[in-house]
Amino acid sequence: MPYFILPFPAFDPVIVSVGPLAIRWYALAYIGGILLGWYYARTLIRAGHLWGARATLTLADLDDFVLWVTLGIILGGRIGYVLFYNLPYFAAHPLEILELWKGGMSFHGGFLGCVAAVMLFAWKRNISMLSLGDLACAAGPIGIFLGRIANFINGELWGRAADVPWAMIFPGGGPLPRHPSQLYEAALEGLLLFVILGVLVRRGALRRPGLIIGAFAVCYGLARMTSEFFREPDVQLGFLWGGMTMGMLLSIPLMLFGLVLIAAALQRKNGAA
């Protein structure tokens, strides 16, 4: 047992409620991530020198794309959670698939939903699919960071039992002190990933369409794999093949996808779509 256990701050997951309507931290994280990501993406589009000559996307394109990517993230995240994490339960209770306020979203599903939104919107507007994807991925870590902070506030997705000085006893997590793995994920998948992609952007990565998408996929996969060593596996799944978790298994094809995109992007001439 650790010599010192940090008390879990026990936030109220509901910020404010008026009658049956409630605003939750998790919903605010999604809204804040989308708005801040939109603002950051606008600054990148305005910085024409980052794209070579000028951005292949306009501010109007981005403004219209926000709704598409929001729907892609929400629908993909929910469908991914149903399919990857709890299919037997939702097969028996299909109406609960619509109960988003009870939680249950998958990053990997949300990523696929974002990919679908990028492909459809780029095809409809006849703009560069890879450049739009680069823009979305450059801003993505902002939402991931806020989402992991919301996981911590909700006291969910806690870590494995630990004896580190900063271990916490989470409500619903039993009597054992645990890693605050949500904060690890916020730091690795959010802050660190944002910095890495920001450095690449400023070094000219947007001039090679697909490079930021690939770097996002590889770096997120590595960060998630690392975090999973500290995170308690989902109770309905437990450990899978070779002691791996579902998050680890889903990250492997994501990283392979990223490596392919990076290799293809590096073979292109700067600015070639």
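**Note on the predicted model: cavity, patch, backbone and salt bridges**

1. Cavity count. Searching the whole structure turns up one cavity of 30 Å³ or more. Keep in mind that this is a predicted model. The largest cavity has a volume of about 40 Å³.

2. Nonpolar surface patch. Two elements, strand 2 (14–18) and helix 1 (25–46), each contribute at least two residues. Helix 1 gives the most, with four.

3. Leu 35 sits in helix 1. Is Leu 35 buried or exposed? Its relative accessible area is 51%, so Leu 35 counts as exposed. The cut-off for exposed is over 50%.

4. Positive phi at Asn 126. Asn 126 is not a glycine, yet its phi is positive, at about 60°. The residue belongs to the loop between helix 4 (107–125) and helix 5 (129–154). Asn 126 is exposed, because its relative accessibility is 71%.

5. Positive phi at Leu 157. Here too a residue other than glycine has a positive phi, near 55°. Leu 157 falls in the loop between helix 5 and strand 4 (168–169). With 29% relative accessibility, Leu 157 is partly exposed.

6. Salt bridges: Arg 125 and Asp 61. The count for the model is 10 salt bridges. In one of them, Arg 125 pairs with Asp 61, with the closest N and O atoms 2.8 Å apart. This pair links distant parts of the chain: Arg 125 is in helix 4, Asp 61 is in helix 2 (residues 59–85), and they are 64 residues apart. How do the partners sit relative to the surface? Arg 125 is partly exposed at 29% relative accessibility. Asp 61 has a relative accessible area of 10%, so it is buried; the cut-off for buried is under 20%.

7. Salt bridges: Arg 125 and Asp 64. The side chains of Asp 64 and Arg 125 also meet in a salt bridge, at 2.3 Å from N to O. Asp 64 is in helix 2 and Arg 125 in helix 4, so this bridge ties together parts 61 residues apart in sequence. Asp 64 is partly exposed, at 36% relative accessibility.

8. Salt bridges: Glu 185 and Arg 231. The closest N and O atoms of this bridge are 3.4 Å apart. What does the pair tie together? Glu 185 is in helix 6 (residues 181–202), and Arg 231 is in the loop between helix 7 (211–228) and helix 8 (246–267), so parts 46 residues apart in sequence are joined. Both Glu 185 and Arg 231 are buried.

Definitions and conventions
Residues are numbered from 1 along each chain as its sequence is written. This is a predicted model: local features need pLDDT of at least 70, side-chain atom pairs count only at pLDDT 80 or more; totals for chains, interfaces and linings use all residues. Side-chain values use heavy atoms; hydrogens and water are left out. On a 1 Å grid over the protein atoms alone, a cavity is a set of points where a 1.4 Å probe fits but cannot get out, and a pocket is an open set with protein on both sides within 12 Å along at least five of seven lines; lining residues have an atom within 4 Å of a point. Grid points are joined across faces, edges and corners, and a volume is the space filled by probe spheres set on the points. Buried means under 20% relative accessible area, exposed over 50%, partly exposed in between (1.4 Å probe, protein chains only). A salt bridge is a side-chain nitrogen of Lys or Arg within 4 Å of a carboxyl oxygen of Asp or Glu.
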